[in-house]
Amino acid sequence: MKTNLTYKIGIIACLLFLTAQFQVHAQGNITLEKISTYYTDVFAESATEIVAHDPLSQRLYVTNGNTGAIDILDISDPANIVLHASIDLSPYGKSANSVDVHEGIVAAAVENVNKQADGKIVFFDRDGNFINQVTAGALPDNVVFAPNGRYVLSANEGEPNDDFTVDPEGSVTIVNLRRGVYNITQADVSQVGFTIFNNATLDPSVRVSSNPGFSTVAQDIEPEYITVSKNSRYAWVALQENNAIAIIDIRRAKILSLKGLGFKDHSQYGNGLDASNETADIDIANWPIKGMYMPDAMTSYKKWGREYIVLANEGDSRDYAGYSEETRVKDLALDPVAFPNAAALQSEDAIGRMKTTIATGDADGDGLFEEIYTYGARSFSIRRASGSLIYDSGDDFEQITAAQIPNDFNSTNDENFSFKDRSDDKGPEPEAVEVAKYKGRTYAFIGLERVGGIMIYDISNPYHPSFIEYINNRNFNVPANTRAAEDLGPEDLVFVKKRNSPVNSPLLISANEVSGTITIFKVKRDYSSAYQSDARTLEVEEETPEEELTLATEQLQVYPNPVESGLLSLNQPVDAVIFNIHGRKVMTVQAVRKVDVSSLKKGLYVLRTNTLGAVKFIIK
């Protein structure tokens with residue numbers, strides 16, 4: 001009997017293991033399937049910029065920079081998006097820069113007619129009827145509800161006028177809704193400013209780059225975007241031009257820290273970039289350049305009991321008639337000690353065309369630049385709640401777009417047939433980011449503002465994200481100002497959970513600023529592209545607490561990269577699986593240092609190991 005029982009237990013254990021194995025493989029990855037597109041037929045006028053979803057009414061609230069209104073779209077039938085109404089904002093200011101909705105209450109960040117004067121946060125019901133308003137700071141650029149609905153926050157950018165004679169202070173407005181939105185007054189509003197940093201010693205990577213001698217630190221700081229912790233206690237605020245984030249205690253309306261985001265070393269393997277719009281070929285290479293992360297959109301998620309923030313590292317400069325920090329590398333006076341090969345670097349075939357800054361890089365003030373900086377990091381990154389970096393996607397976005405759309409690589413967003421037009425600027429320009437859980441995994445969706453399209457990553461393990469898919473609903477073969485061009489300039493992404501969706505499926509909604517379109521995608525499983533990874537490894541990644549995580553100390557390297565000879569070499573023998581750009585397994589190798597990849601097509605691949613992580617390589 002005992003032997004029989006042991007046998008049965010063994011059989012059950014095997015079945016449970018096989019079931020777990022099957023479930024992981026059967027889940028596969030996710031993909032996006034387009035349902036429909038709403039067209040405003042307004043080109044390059046920000047007719048669809050920021051979008052918010054109300055699940056009860058199945059309506060979208062969309063900022064329309066062309067009319068200054070908020071358009072209300074009915075998506076109860078996602079295949080047939082209908083304009084329901086528009087909210088006229090002219091009684092409250094110039095136009096809405098942002099909108100959010102929580103339990104039927106709509107909050108709009110409304111810019112003053114005088115851009116440098118204080119704006120407003122205006123509240124409406126879901127039908128667009130006015131409820132209340134409060135004064136915010138200058139140029140409220142992003143507005144969000146805290147998850148518990150108790151607070152509304154706005155990031156007030158405080159941009160200067162074009163002559164740079166008026167530069168308001170940046171700030172964050174916090175509205176306490178404890179008495180209900182109908183009853184709030186200005187007494188329920190806290191304005192969080194940055195004057196405490198005017199004479200402080202700042203983190204070295206916090207940029208103060210406005211008109212020298214004119215703006216204080218508080219005036220220089222320009223809050224761009226906000227994400228709030230799941231418990232509604234803390235806010236992280238992106239200070240894009242400052243290459244920093246501020247961490248705020250919401251309840252106390254107090255800044256806890258001002259954290260510089262550091263710089264990305266583009267001379268390191270995996271951090272390459274295509275730096276010239278003058279060369280005929282795609283050349284993603286390493287250069288002696290520092291990237292300023294400068295995030296635009298950001299969001300956060302919770303894993304292993306801790307918060308992580310996810311940032312789209314777009315980049316931005318101060319470029320006004322009264323003051324501009326922009327120049328090109330060819331026009332910098334480079335320090336001959338730091339750059340003995342300055343002449344070669346400053347040629348247009350190298351990095352001479354790349355836009356850089358005169359505000360950073362000349363540490364000793366002698367007029368000679370010891371370092372070269374570029375705007376943005378052409379990536380998305382994940383950081384701890386403290387702001388410290390734990391993951392960056394490196395040069396993924398350019399490598400992936402180079403492999404999938406080589407003829408339209410680094411195109412701009414308002415002109416087709418513009419191959420490499422943005423290589424000397426900020427490349428694909430990651431702008432929007434959304435994070436969502438689906439079928440037990442956590443995914444990041446990143447919108448690329450210039451070349452277009454949405455990158456999808458599995459970020460269930462924030463230390464080891466995996467690229468899943470790149471979707472681009474753009475037609476590069478027609479004039480950009482026509483409907484046939486489809487989505488241009490994704491500015492905002494919103495995930496709708498299955499339980500909040502009008503259909504029996506989660507949705508991803510993309511607001512595309514240049515094309516003036518709203519596109520709705522169905523989020524679904526893609527079994528054909530499932531990674532055939534070890535189920536037990538995935539389970540360990542899912543359950544390992546953060547403090548026990550360790551990164552591989554011995555880095556796996558592959559060469560040459562790109563591969564042109566058909567033979568890939570590794571710096572140590574490994575067992576590995578090779579996946580193509582769509583996540584399909586194409587090869588398995590064991591205990592090898594050289595891999596014959598001559599049978600594989602040209603493109604981007606990932607070589608994944610169980611112990612040393614994964615590396616990307618290209619076959620030319």
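This report describes a three-stranded sheet and two buried residues, Met-292 and Lys-420, in a predicted model.

## The open sheet

Strands β18, β19 and β24 form an open sheet in the order β18-β19-β24, with mixed pairing. Its edges are β18 (263–265) and β24 (373–375), each of which pairs on one side only. From one strand to the next, the twist averages 35°.

Between β18 and β19 (residues 290–292), the pairing is antiparallel and spans three bridges. Within this arrangement, Phe-263 stands opposite Met-292 of β19.

## Met-292

Met-292 belongs to strand β19. The residue has a relative accessible area of 0% and is therefore classed as buried, the limit being under 20%.

Beyond its neighbours within four places in sequence, Met-292 is in contact with Arg-207, Asn-243, Phe-263, Thr-357, Tyr-373, Thr-374, Tyr-375, Gly-376 and Ala-377. Glu-415 lies 123 residues from Met-292 in sequence, and the two C-alpha atoms are 27 Å apart in space.

## Lys-420

Lys-420 is located in the loop that runs between α4 (396–404) and β27 (430–438). Lys-420 is likewise buried, because its relative accessible area is 0%.

The side chain of Lys-420 forms a polar contact of 2.5 Å with the side chain of Thr-279. Residues up to four places away in sequence being set aside, Lys-420 touches Asp-274, Ser-276, Asn-277, Thr-279, Asp-281, Ile-282 and Asp-283, together with Phe-409, Asn-410 and Ser-411.

Conventions. Residues are numbered from 1 along each chain as its sequence is written. This is a predicted model: local features need pLDDT of at least 70, side-chain atom pairs count only at pLDDT 80 or more; totals for chains, interfaces and linings use all residues. Side-chain values use heavy atoms; hydrogens and water are left out. Two strands pair if DSSP finds at least two bridges between them. Helices (H or I, at least four residues) and strands (E, at least two) are DSSP runs, numbered from the N terminus. Axes are lines fitted to C-alpha atoms, for helices over the stretch in contact, and angles run from 0 to 180 degrees between N-to-C directions. Buried means under 20% relative accessible area, exposed over 50%, partly exposed in between (1.4 Å probe, protein chains only). A polar contact is a pair of N or O atoms within 3.5 Å; within protein, one must be able to donate a hydrogen and the other to accept it, and residues adjacent in sequence count only if both atoms are side-chain atoms. Contact means heavy atoms within 4.5 Å.
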